[in-house]
Amino acid sequence: MIKFLDLHKVNGRFRSEINEAVREVLDSGWYLLGERNESFCRNFAAYCGTQYALGVANGLDALNLIIKAYGFGPGDEIIVPANTYIASMLAISQNGCTPVLVEPDPETFNLSPDLVEEKISANTRAIMVVHLYGQVADMERIQNVATRYGLKIIEDAAQAHGALYRGKRAGNLGDAAAFSFYPGKNLGCLGDGGAVTTNDLNLYTVVKALANYGSEVKYVHLHKGVNSRLDEIQAAVLDVKLMHLDEDNRKRREIARQYRERIVNPRILLPVATFEEGHVWHLFVVRTPERDHLREYLAANGVQTQIHYPTPPHKQRAYAEWADRSYPVTEKIHAEALSLPMSPVLTDEEVACVVELANAYT
C-alpha cells in the first residue's frame, strides 16, 4: 500500500530530536507560554521574514484572531476564494462579517485577481488570500488592488509553510497571516497548533492579548478575549521540525516534478505551477471528470488518495443560506479534484508506481 501521507514515517525521522525536546519540556515543569514557545515564535518569524510571530491553538483561531484584532464585525465584508477550505469562511462568519466569495483561477486554484476588484463595495474591509495547495497567489496584482481601495490583506497560509513569491515567504506578503500546524501540514506538530505572523506591532500586541483571555497583564483584561495558546510541547516539536522544513519542501518539489513530467495520460489534468521555484506542494491535486472512478482504480491497485475537498463551502449545510448561489468554476474543481500521494518520505519506487498506474488508467 502506498499511503497518501505516512505521518508515522514523517515524524519518525526526527524521533530522537523530538524525544529530547519533549523531555526538556517535561523536566522544566513549565507547559504554557514558556521558553519553548518564545524560541519557536522567534525562529518562525525569522524564517518567514516577519518581525513577529505568535503561537496559537490552531489555524482557524489564527484567522479569527486577526479579524477580531482589526475590529472587523457586522456589516463588514471580506473577500475570500470560493474554493477554499471552510475554515477560511468560518473565521469571517464567526466575527459577524460577511464572506464575499470570488471564483479562483481554474489553472492555479488560487484567487483570481481579475475578479477581485468587481466584488469590492463600500463595506469591503479586507481580502483574504488563500495560498491553496502550497502555491502562493498572484500577490503583486492583489496588493495593487488592496492598496487602491485601502484594504487589508490577510494571508491564509495554512498550506504554504515556506512557500516563496519573488524572494519573500508566505506569511510576509500581506498585513497579517495565519498558519495551521495540523499534523498533516508541511510543518506539522503532534496535535493542533497555529500561528499569526505580521510586521504590525499594534496588531501583534492585540492578537497576543486576545489569545490570552484579552489580557496583557495577568488578571487585567483589556479585550473580550479567548483562550488560544500553543503549548510548550507542540512548540518544542515545531522548533525541531522547522530546521528540516526547507529540505522537506525540496523533496516535495522533486516529487511534483516527477509527477508533472512523467504522467502523460490525457484523461488526467495536471496542476500548473506559476511560481515553480516557490511552490511547496502541500498537495498534488490533479483533475478529471472521472475523479471517483480514478480514485477507485488507484485504491484497487494499492494507492491511497484523498479528495480536497468534495463539497465547496457554499454547498455545505452550515451555509444553507447560500444554497441558491452558484460558483461554477469552484463547483467544477470540487467535482474533479483528486490529491495524489505527496510527502517528503515517498520513495522513488512509490512515485514511479503512482506514475505508472496513472498512465495506465483508461
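Student: At what angle do helix α4 and helix α8 pack, and how far apart are their axes?

Tutor: In this predicted model, helix α4 (residues 59-70) and helix α8 (residues 201-210) pack at an angle of about 120 degrees, with their axes 9 Å apart. Axes here are lines fitted to C-alpha atoms, for helices over the stretch in contact, and angles run from 0 to 180 degrees between N-to-C directions. Local features need pLDDT of at least 70, and side-chain atom pairs count only at pLDDT 80 or more, while totals for chains, interfaces and linings use all residues. Residues are numbered from 1 along each chain as its sequence is written, and side-chain values use heavy atoms, with hydrogens and water left out.

Student: Why is α4 called oblique to α8?

Tutor: Angles under 35 degrees count as roughly parallel, over 145 as roughly antiparallel, 65 to 115 as roughly perpendicular and the rest as oblique. The angle between α4 and α8 is about 120 degrees, and therefore α4 is oblique to α8.

Student: Which residues of α4 and α8 meet?

Tutor: With contact taken as heavy atoms within 4.5 Å, Leu65, Ile66, Lys68, Ala69 and Tyr70 in α4 meet Leu203, Val206, Val207 and Leu210 in α8. The residues of this contact divide into eight nonpolar, no polar and one charged, where Ala, Val, Leu, Ile, Met, Phe, Trp, Tyr, Cys and Pro count as nonpolar, Asp, Glu, Lys and Arg as charged, and the others, Gly among them, as polar.

Student: How do you know whether Leu203 is buried or exposed?

Tutor: Buried means under 20% relative accessible area, exposed over 50%, and partly exposed in between, with a 1.4 Å probe and protein chains only. Leu203 has a relative accessible area of 3%, so Leu203 is buried. Not counting residues up to four places away in sequence, Leu203 touches Ile66, Ala69, Tyr70, Asp175, Ala176 and Thr198.

Student: What makes Phe109 and Tyr219 worth a look?

Tutor: Phe109 has a phi near 70 degrees, a positive value in a residue other than glycine, and Tyr219 likewise has a positive phi of about 70 degrees although it is not a glycine. Phe109 lies in the loop between β3 and α6 (113-116), and because its relative accessibility is 5%, Phe109 counts as buried. Tyr219 is found in the loop between β10 (215-217) and β11 (220-221), and its relative accessible area is 68%, so Tyr219 is exposed.

Definitions and conventions: Helices (H or I, at least four residues) and strands (E, at least two) are DSSP runs, numbered from the N terminus.
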